[in-house]
Amino acid sequence: MTTKTREKLKVLRVKAEMTQEQLASESGVSARSIILYEMNVNNLRKAHYSTLEKIANALGVKVDDIFLG
């Protein structure tokens, strides 16, 4: 069973044992943005690639891993 893209970011964050606030701090992306990205995949898809790279790097994954899986 595949994880829905909307849930994928949260699954990766939880797997990394991070809170939304910790991910925000590690990535340099606001906690509000992390919350919005986890709530609505359309927000995540509209994010700048550089923002996605920051999040992926903080999680220790590739940007593709946030969307595929």
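**Figure 1. Helices H2 and H5 pack with their axes 8 Å apart, at an angle of about 110 degrees.** The model shown here and in the later views is predicted. Two packed helices are described by the angle between their axes and the distance between the axes. Angles of 65 to 115 degrees count as roughly perpendicular, and H2 and H5 are therefore roughly perpendicular to each other. The crossing in which H2 passes H5 is right-handed. On the H2 side, the contact is made by Leu 23, Glu 26 and Ser 27. On the H5 side, the contact is made by Lys 54, Ile 55, Ala 58 and Leu 59. By class, the residues of this contact between H2 and H5 divide into four nonpolar, one polar and two charged.

**Figure 2. The axes of helices H2 and H3 come within 8 Å and cross at roughly 120 degrees.** H2 covers residues 20-27, and H3 covers residues 31-39. The two helices, H2 and H3, are therefore oblique to each other. H2 passes H3 in a right-handed crossing. From H2, the residues Gln 20, Leu 23, Ala 24 and Ser 27 take part in the contact. They meet Ala 31, Ile 34, Ile 35 and Glu 38 of H3. Five nonpolar, two polar and one charged residues make up the contact of H2 with H3.

**Figure 3. Helix H2 has buried residues, namely Leu 23, Ala 24 and Ser 27.** These residues cover an arc of only 100 degrees around the axis, which puts them on the same side of H2. Ser 25 and Glu 26 lie on the other side of H2 and are exposed. Just after H2 comes Gly 28, which has a positive phi of about 80 degrees.

**Figure 4. Helix H5 has Thr 51, Leu 52, Ile 55, Ala 56 and Leu 59 as buried residues.** H5 covers residues 49-59. Gly 60 follows H5, and the phi of Gly 60 is positive, near 75 degrees.

**Figure 5. Glu 17 sits in the loop between helices H1 and H2.** H1 covers residues 5-15. Most residues other than glycine have a negative phi, and most peptide bonds are trans. Glu 17 has a positive phi, near 55 degrees, although Glu 17 is a residue other than glycine. Residues with over 50% relative accessible area are exposed, so Glu 17, at 69% relative accessibility, counts as exposed.

**Figure 6. Ser 30 is found in the loop between H2 and H3.** With a relative accessible area of 38%, Ser 30 is partly exposed. Ser 30 and Gln 20 are 10 residues apart along the chain, and their C-alpha atoms are separated by 9.3 Å.

**Figure 7. Ala 47 lies in the loop between helices H4 and H5.** H4 covers residues 41-46. Buried means under 20% relative accessible area, so Ala 47, with a relative accessible area of 13%, is buried. Leaving out residues up to four places away in sequence, Ala 47 touches Tyr 37 and Leu 52. Leu 52 is one of the buried residues of H5. Tyr 37 and Ala 47 are 10 residues apart in sequence, and the distance between them is 8.5 Å, C-alpha to C-alpha.

**Figure 8. Phe 67 is found in helix H6.** H6 covers residues 63-67. At 24% relative accessibility, Phe 67 counts as partly exposed. Phe 67 and Arg 45 are 22 residues apart in sequence, and 8.9 Å separates them in space, C-alpha to C-alpha.

**Figure 9. The protein as a whole has six helices and zero strands.** The elements run α-α-α-α-α-α from the N terminus on. Of the 69 residues in the protein, 33% are buried. Among contacts between residues at least 6 apart in sequence, 51% join residues at least 24 apart.

Notes
Residues numbered from 1 in each chain as written. Predicted model: local features only at pLDDT ≥ 70, side-chain atom pairs only at ≥ 80, totals over all residues. Heavy atoms only, no water. Axes fitted to C-alpha atoms, helices over the stretch in contact; angles between N-to-C directions. Helix = DSSP H or I, 4+ residues; strand = E, 2+ residues; numbered from the N terminus. Parallel < 35°, antiparallel > 145°, perpendicular 65-115°, else oblique. Left-handed = near helix turned anticlockwise from the far one by under 90°. Contact = heavy atoms within 4.5 Å. Nonpolar A, V, L, I, M, F, W, Y, C, P; charged D, E, K, R; others polar. Buried < 20%, exposed > 50% of the residue type's maximum accessible area, 1.4 Å probe, protein only. Arc of directions from axis to C-beta.
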